[in-house]
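Subject: Structure handover

Hello,

Here is the structure we spoke about, with my notes below it. Please look through the notes with the model open.

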Amino acid sequence: FETMLIKAEYHIQSCLENMGKKFIYMDCDIQFFKPFVEKMLQELDDYDIACQNDVFPFHDRTTYCAGLFICNANEKTLKFFTNLYSSMKHHKYNDQIALNDNLYLLRHKMLSDNNFYTISQTTNVIWDNKYDITIPKDILVHHANWTHGIENKIKLLDLVKGKQL
């Protein structure tokens, strides 16, 4: 929880330092296979934020991922991240729930699945290192969420990397 609060503070600071510009945020469990920045900029277009599709249903809609996004730093996104931080701090819940609860403040969209990949997009279950996965060819970025534990996360990163090379 403390780490997620620090992450939310970082987003506020990123908005303040980059007002009028764009910034990309990615968790540390992400690997890159091809150049991706231009594609992210193209997909963001004139939206305030574009997030990875995390698939898991949340309030009868698909979940936006708090661990991979591109953002226009502006007054709306500053208010968004400030509200996100406040709601997390007061309600003790995680950044992903807070992000999804506050999306109404922004023009938002999801990044394309086949470019910005997580295994939930093809399996929709937590990966426990007990089954193989099929992934789209030529992904740009892979986020190794939807697994538990550092050991499984490393194995998932390696598995996806092996399928991309």
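A residue counts as buried when its relative accessible area is under 20%, as exposed when it is over 50%, and as partly exposed in between. With a relative accessible area of 15%, Asn 115 is therefore buried. Please bear in mind that this is a predicted model.

**Loop residues**

Asn 115 sits in the loop between β5 (108-110) and β6. Setting aside residues up to four places away in sequence, Asn 115 touches Lys 39, Glu 43, Ile 139, Leu 140 and Val 141.

Gln 121 belongs to the loop between β6 (116-117) and β7 (141-143). Its relative accessibility is 18%, so Gln 121 also counts as buried. The side chain of Gln 121 reaches the backbone oxygen of Asn 53 at 3.0 Å. Apart from neighbours within four places in sequence, the residues in contact with Gln 121 are Gln 52, Asn 53, Val 55, Asp 113 and Phe 116.

Two further loop residues have backbone angles to check. Most residues other than glycine have a negative phi. Asp 138, which is not a glycine, has a positive phi of about 60°. Asp 138 is in the loop between β6 and β7, and it counts as partly exposed because its relative accessibility is 49%. Trp 146 also has a positive phi, near 65°. Trp 146 is found in the loop between β7 and α5 (150-164); at 11% relative accessibility, Trp 146 counts as buried.

**Leu 68**

Leu 68 is part of strand β4 (residues 61-72). Its relative accessibility is 0%, so Leu 68 is buried. Which residues is Leu 68 in contact with, leaving aside its neighbours within four places in sequence? They are Tyr 25, Met 26, Ile 30, Met 40, Ala 50, Cys 51, Gln 52, Leu 111, Phe 116, Val 141 and His 143. Between Leu 68 and Thr 147 there are 79 residues in sequence, counted as separation, and 16 Å in space from C-alpha to C-alpha.

Helix α3 covers residues 75-91. At 1.5 Å a residue, its 17 residues should span 24 Å, and the end C-alpha atoms are 24 Å apart, so the two values agree. At the N-terminal end, α3 is capped by Asn 74, with a side-chain oxygen 3.0 Å from the backbone nitrogen of Lys 76. After α3 comes Lys 92, which has a positive phi near 55°.

The buried residues in α3 include Thr 77, Leu 78, Phe 80, Phe 81, Leu 84, Tyr 85, Ser 87 and Met 88. When you look at that list, recall that an α-helix has 3.6 residues a turn, so residues three or four places apart point the same way.

The length check was also done for α1 (2-17). Its 16 residues should span 22 Å at 1.5 Å a residue, and the end C-alpha atoms are 22 Å apart, so this agrees. In α1 the buried residues are Leu 5, Lys 7, Ala 8, His 11, Ile 12, Ser 14 and Cys 15.

**Pocket and cavity**

The volume of the largest pocket is about 690 Å³. Its lining is made up of 26 residues, and those nearest its centre are Asp 27, Asp 54, Asp 95, Gln 96 and Asn 145. By class, the pocket lining holds 10 nonpolar, 10 polar and six charged residues. At least two lining residues come from each of α1, β3 (49-58), β4 and α4 (95-101).

How many cavities of 30 Å³ or more does the structure hold? There is one. α1, β4 and α4 each supply at least two residues of the cavity lining, and α1 gives the most, with three.

Regards

Note on methods:
Residues are numbered from 1 along each chain as its sequence is written. This is a predicted model: local features need pLDDT of at least 70, side-chain atom pairs count only at pLDDT 80 or more; totals for chains, interfaces and linings use all residues. Side-chain values use heavy atoms; hydrogens and water are left out. Helices (H or I, at least four residues) and strands (E, at least two) are DSSP runs, numbered from the N terminus. The expected span of a helix is 1.5 Å times one less than its number of residues. Buried means under 20% relative accessible area, exposed over 50%, partly exposed in between (1.4 Å probe, protein chains only). A polar contact is a pair of N or O atoms within 3.5 Å; within protein, one must be able to donate a hydrogen and the other to accept it, and residues adjacent in sequence count only if both atoms are side-chain atoms. Contact means heavy atoms within 4.5 Å. On a 1 Å grid over the protein atoms alone, a cavity is a set of points where a 1.4 Å probe fits but cannot get out, and a pocket is an open set with protein on both sides within 12 Å along at least five of seven lines; lining residues have an atom within 4 Å of a point. Grid points are joined across faces, edges and corners, and a volume is the space filled by probe spheres set on the points. Ala, Val, Leu, Ile, Met, Phe, Trp, Tyr, Cys and Pro count as nonpolar, Asp, Glu, Lys and Arg as charged, and the others, Gly among them, as polar.
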